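Please read the numbered points with the sequence and the model at hand.

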Amino acid sequence: MISSVFERDSLPTPLRPHQVSSSASHIHLKPSTLQGSLHPYTHSQSMGAGSSKGPEQGATRITPSDDPSDQGGLEPLKPQPLLGKLQFPFQDAKSLPSTLSSLPAPPSLKRKHPCDSATFTPPAKLLKPDVACLSGAREVPSQLLDSADMECSLCMRLFYEPVATPCGHTFCLKCLERCLDHNPTCPLCKENLSEYLATRRYNKTLLMEEVLVRYLSEELSERRKIHEEELKELSNLNQEVPIFVCTMAFPTIPCPLHVFEPRYRLMIRRSMETGTKQFGMCIVDELKGFADYGCMLEVRDVKFFPDGRSVVDTIGVARFKVLSHGQRDGYHTAKIEYLEDKKLEGEELAELVKLHDSVYDQATVWFTSLKENMKNQILSHFGNLPGKDPDPQGSPNGPAWCWWLLAVLPLENRAQLTILSMTSLKDRLMAVRRVLIFVSRKRAR
Ligand SMILES: [Zn+2]
Ligand SMILES: [Zn+2]
């Protein structure tokens, strides 16, 4: 699973240099100039690790299999040493046959390339390595392309929204972000990427995208389909809602959060990417992991610190009941059902309005009687007591002032949770009134 790669920090990097080299030896058509520009480090490293030749060989752009006459017969002895000395890329086509014939070729090369100077035609790619792949004029036989060469070493899938790090390594944007959540170093070469993380300038590598679009369009559209399905799954705010397990949240009440845990960084990022900008907030439950009721929060603003932490400004939007608990990539999820107040009519409604007005007045008395410093503290955190609602049943969550009061009253989380879960405004108002009476009496004593 992908998650395992990201959850274990001490995990050896999924793609080690020798793996790079072995996969490189299977590349039939390698747009070496592109590869060079996208993976300068990997490329040269793979060349060096793949053979015991000197560093000057690592600088050549030609891999053994670049020679199309080598029909995939990967033998231990390659024409590498010879090609290494020839200082590619050639600028003069005529010089190749003559140079080849004048050099003492190794036996295996001779056996495999019985061509004489008259029939040997160097492939165009060797002659114009910088132009061949970009011009688009050249037909590339599809069997010579291997999508495995364009795989992200983190998710082992085709690059999606590829970005290159300052150290020159390429990953899918989302994969890289998840790695940086845990550790601000390159997952491959361990170069420090703190500064890169701080600037958050993850520019797409357009060249790689171009290569994918042009040569691996089928694989790319398949990859895009998977990505879109994942996104759709993540956007479903009924089936699998991400749950932040932290504190009590209430409808209409702001809830600023300091996000530093990798799993929650991922959750916040996803809620922004999918466009839902929402997730559920629940308090801890010793047995189940999180409580059976919670409040959806909507992200209003995110401020990122250079080290990847963030302060997320959210506001409560709707209450929910948890139907089942789940997990995804390290964070909790839940299947939920939204809660709405039951509406009353006629006589019952008239009574409800009366109760609503009287509890509101009680709340005002309690708040104005508070000591000045206490009052200021509440005001700076939660703002003023919201006004009385002309229609207490106007919102499925009931009047906002009720939630404001519930948030500021000195109540334990469990008691707050019980009141949050009530779908009868009448019951909620009566519960709040009991608390108001209790705290007023306590202070009077
Ligand atoms: Zn990836
Ligand atoms: Zn790197």
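1. K277 counts as partly exposed because it has 16 C-beta neighbours inside 10 Å; a residue is buried if 20 or more other C-beta atoms lie within 10 Å of its own, exposed if 12 or fewer, and partly exposed in between, with C-beta atoms placed from the backbone. K277 is found in the loop between helix 15 and strand 5. Its phi is near 55°, a positive value in a residue other than glycine. Most residues other than glycine have a negative phi.

2. On the basis of the note: this is a predicted model, in which local features need pLDDT of at least 70 and side-chain atom pairs count only at pLDDT 80 or more, while totals for chains, interfaces and linings use all residues. Residues are numbered from 1 along each chain as its sequence is written, and chains are lettered from A and ligands numbered from 1 in the order in which they are written.

3. The protein has 20 helices and 10 strands; these are DSSP runs, numbered from the N terminus, with helices being H or I of at least four residues and strands being E of at least two. Of its 445 residues, 30% are buried. Among contacts between residues at least 6 apart in sequence, 67% join residues at least 24 apart, where a contact requires C-beta atoms, placed from the backbone, to lie within 7 Å.

4. G275 follows the helix and has a positive phi, near 90°.

5. T252 also has a positive phi, of about 70°, although it is not a glycine. The residue lies in the loop between strand 3 (241–245) and strand 4 (254–259). T252 is partly exposed because 19 other C-beta atoms lie within 10 Å.

6. Strand 8 (residues 293–304) pairs with strand 5 (residues 278–282) in the antiparallel sense over four bridges; pairing requires that DSSP find at least two bridges between two strands. M281 has C295 of strand 8 as its bridge partner. Strand 8 is also joined to strand 9 (residues 310–328) by 11 bridges, again antiparallel, and V302 stands opposite V312 in strand 9. The hairpin of strand 8 and strand 9 has five residues between the strands, and G308 takes a positive phi near 100° there.

7. Which residues touch the most other members of the largest nonpolar core? They are A249, F250, C295, L405 and L406, in a core of 46 residues. A nonpolar core is a set of buried Ala, Val, Leu, Ile, Met, Phe, Trp, Tyr and Cys residues joined through C-beta atoms within 7 Å. Helix 18 (residues 400–408) gives the most to this core, with eight residues. The core lies between domain 2 (236–338) and domain 3 (346–444), because both give residues to it; the domain bounds come from an automatic or database domain assignment. A249 touches C255, M281, C295, L297 and G316, not counting residues up to four places away in sequence.

8. Helix 18 is largely enclosed by the rest of the structure, because eight of its nine residues are buried. Among them are the tryptophans W401, W403 and W404, together with L405 and L406.

9. G289 is found in strand 7 (residues 289–290). With 15 C-beta neighbours inside 10 Å, G289 counts as partly exposed. Leaving aside neighbours within four places in sequence, G289 is in contact with V245, H325 and H332. G289 and G326 are 37 residues apart in sequence, yet 9.9 Å apart in space, C-alpha to C-alpha.

10. The UniProt annotation "domain: RING-type", from an unreviewed entry, covers residues 152–190; UniProt positions are given in the numbering used here, feature names are shortened, and annotations may be inferred rather than shown by experiment. Over residues 152–190 the chain is 26% helix and 15% strand, with the end C-alpha atoms 16 Å apart.

Notes. Two residues are in contact if their C-beta atoms, placed from the backbone, lie within 7 Å.
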